[in-house]
Amino acid sequence: MKQFYISKFSEKYYQNYNDDLELKRPLSVKTIEQGIILPARELTIQDEFAYQGGVLDSKHSFVELSATKRNSAAKALLSGYELTEEPQYCDETVIYGGILYEHYGHVLLESISRLWYYIKHNPHHYRVVFNFVPRAYGKFKDFFDLLDIPYNEQTFITKPTRYKQVIIPEQSYYYGSVCHREWLTPINYMASKIPAGKYKKIFLSRLKLQRNPLFNEQAVCRIFKQNGYKIVYPETLSLQEQIALCKGASSLAAWEGTLALQAVFCPNGAERIILNRAIEPDVFHRFMEQLKDLPTTHIDCSLNPIPVSHIHGPWIVGFTSELQEFCHDRNWKHKGNVNFVPYRALLKFHQEWTLRNPYQRVDIPFDELHYCQSKIKTKLPKTIKGIFFQILACFTFGQLRKHLRHKSKNI
């Protein structure tokens with residue numbers, strides 16, 4: 001069965017898709033006598049937000065194992081900082097849990113990646129403590145309840161604190177880089193507490209998000225609903241309910257990003273269908289297919305009139321020619337005009353894009369712009385469609401010129 005239903009412009013992002021991303025060596029652990037844990041604080045590096053914090057040893061030197069390393073400096077915890085006064089003291093041994101991020105997907109990927117030690121190698125029942133991003137404070141109580149971690153002020157470092165001992169487990173996932181099988185330890189621990197749901201095929205939708213820059217999703221939902229998928233709205237469910245649904249599913253379809261990551265709670269052998277919302281896909285989760293038996297299919301559902309990244313949006317999606325090919329191969333029921341976009345979705349896209357364009361990714365070739373616009377079909381007459389895109393270009397060309405680098409038509 002074909003694995004990639006994608007456009008020629010997306011192929012370059014999958015060139016290294018089958019690289020081995022599993023970290024196979026044993027993970028490190030350090031015990032720091034009289035270690036000091038610092039609250040996280042923001043640091044700006046080349047217009048990117050990073051963090052300082054982590055663990056200092058008794059001589060106030062930064063312990064490198066407490067850094068949160070990623071494939072770039074963005075949102076990484078890079079170093080400690082100097083203390084201006086003696087930290088408070090706690091006569092206790094604790095386990096350093098790393099940094100608690102404000103985004104659910106990064107909590108699942110990174111914030112729990114040191115907890116393999118807490119769950120598997122903690123006979124003395126030492127507490128685990130976290131640095132945290134201020135915007136994360138007060139969030140993710142469900143995570144902590146399922147992991148048997150007290151959700152109180154003692155768990156989150158708000159002041160520099162010296163402990164009798166600080167145990168620092170290595171992170172089991174390095175964002176955008178490699179992953180160790182121990183990353184599954186807290187995942188499996190949470191899932192073990194929850195009975196499997198009753199639906200075998202589920203589609204994780206964004207339709208009920210309070211602010212959703214994904215337009216025309218209904219056209220894709222209809223296809224999956226016609227073919228036996230239960231449409232699920234994760235933001236309306238508790239974490240326990242979401243895990244239960246995934247645990248019972250033999251096939252999970254989801255938009256790329258955090259929703260597709262939920263498949264980690266599915267049983268081994270479950271199918272994962274990732275729906276791309278941009279020419280530039282999110283391929284950072286490909287390691288999951290190596291750690292679990294999750295046969296994955298990628299389908300390009302993007303109908304964006306202007307190239308956008310998979311991170312910020314906005315996006316227009318729909319019943320694309322790639323999705324049509326997938327349906328033919330599966331003998332699925334399907335209706336609708338291929339590559340059709342309601343003009344209202346185009347207008348909403350333009351409004352949203354204008355608001356978000358400072359965040360657009362650079363280095364997207366201009367030939368993708370022509371491809372995107374030529375692919376779209378609307379009920380607008382051809383001449384009016386042309387005028388619409390000319391107006392769109394007038395409003396956005398200045399931004400496009402800043403954010404998109406002109407390239408040859410060769411990929």
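These legends go with close-up views of one predicted protein model.

**About the model.** Residues are numbered from 1 along each chain as its sequence is written, and side-chain values use heavy atoms, with hydrogens and water left out. In this predicted model, local features need pLDDT of at least 70 and side-chain atom pairs count only at pLDDT 80 or more, while totals for chains, interfaces and linings use all residues.

**View 1. The whole chain.** The protein chain has 12 helices and 15 strands. Both are DSSP runs numbered from the N terminus: helices are H or I with at least four residues, strands are E with at least two. Of the 411 residues, 56% are buried. Buried means under 20% relative accessible area, exposed means over 50%, and partly exposed lies in between (1.4 Å probe, protein chains only). A contact means heavy atoms within 4.5 Å. Among contacts between residues at least 6 apart in sequence, 77% join residues at least 24 apart.

**View 2. Strand β7, residues 127–132.** Six of the six residues in β7 are buried, so the strand is largely enclosed by the rest of the structure. R127, V129 and N131 point one way. V128, F130 and F132 point the other way. Strand β6 (residues 88–100) runs parallel to β7, and five bridges join them. Two strands pair if DSSP finds at least two bridges between them. V94 has R127 of β7 as its bridge partner.

**View 3. Q165 in strand β8.** Strand β8 covers residues 161–169 and includes Q165. Q165 counts as buried because its relative accessibility is 19%. Its side chain makes a polar contact of 3.0 Å with the side chain of T93. A polar contact is a pair of N or O atoms within 3.5 Å; within protein, one must be able to donate a hydrogen and the other to accept it, and residues adjacent in sequence count only if both atoms are side-chain atoms. Leaving out residues up to four places away in sequence, Q165 touches T31, I32, E33, E92, T93 and V94.

**View 4. Helix α1, residues 104–111.** Eight of the eight residues of α1 are buried, so this helix is largely enclosed by the rest of the structure. They run from Y104 to S111, and include H106, L108 and E110. The cover over them includes β6, β7, α3 (141–146), α4 (184–192), α6 (239–248) and α7 (258–261).

**View 5. The second largest cavity.** On a 1 Å grid over the protein atoms alone, a cavity is a set of points where a 1.4 Å probe fits but cannot get out; lining residues have an atom within 4 Å of a point. This cavity has a volume of about 50 Å³. A volume is the space filled by probe spheres set on the points, with grid points joined across faces, edges and corners. Its lining is T68, G97, G98, I99, E110, S113, R114, Q171 and Y173. Strand β6 gives the most, with three residues.

**View 6. An open sheet of six strands.** The strand order is β1-β14-β13-β12-β9-β11, with parallel pairing. β1 (4–5) and β11 (230–232) stand at the edges with a single partner strand each, so one side of each is left without a neighbour in the sheet. Three bridges join β11 to strand β9 (residues 201–204). I202 has K230 of β11 as its bridge partner.

Notes. On a 1 Å grid over the protein atoms alone, a cavity is a set of points where a 1.4 Å probe fits but cannot get out, and a pocket is an open set with protein on both sides within 12 Å along at least five of seven lines; lining residues have an atom within 4 Å of a point.
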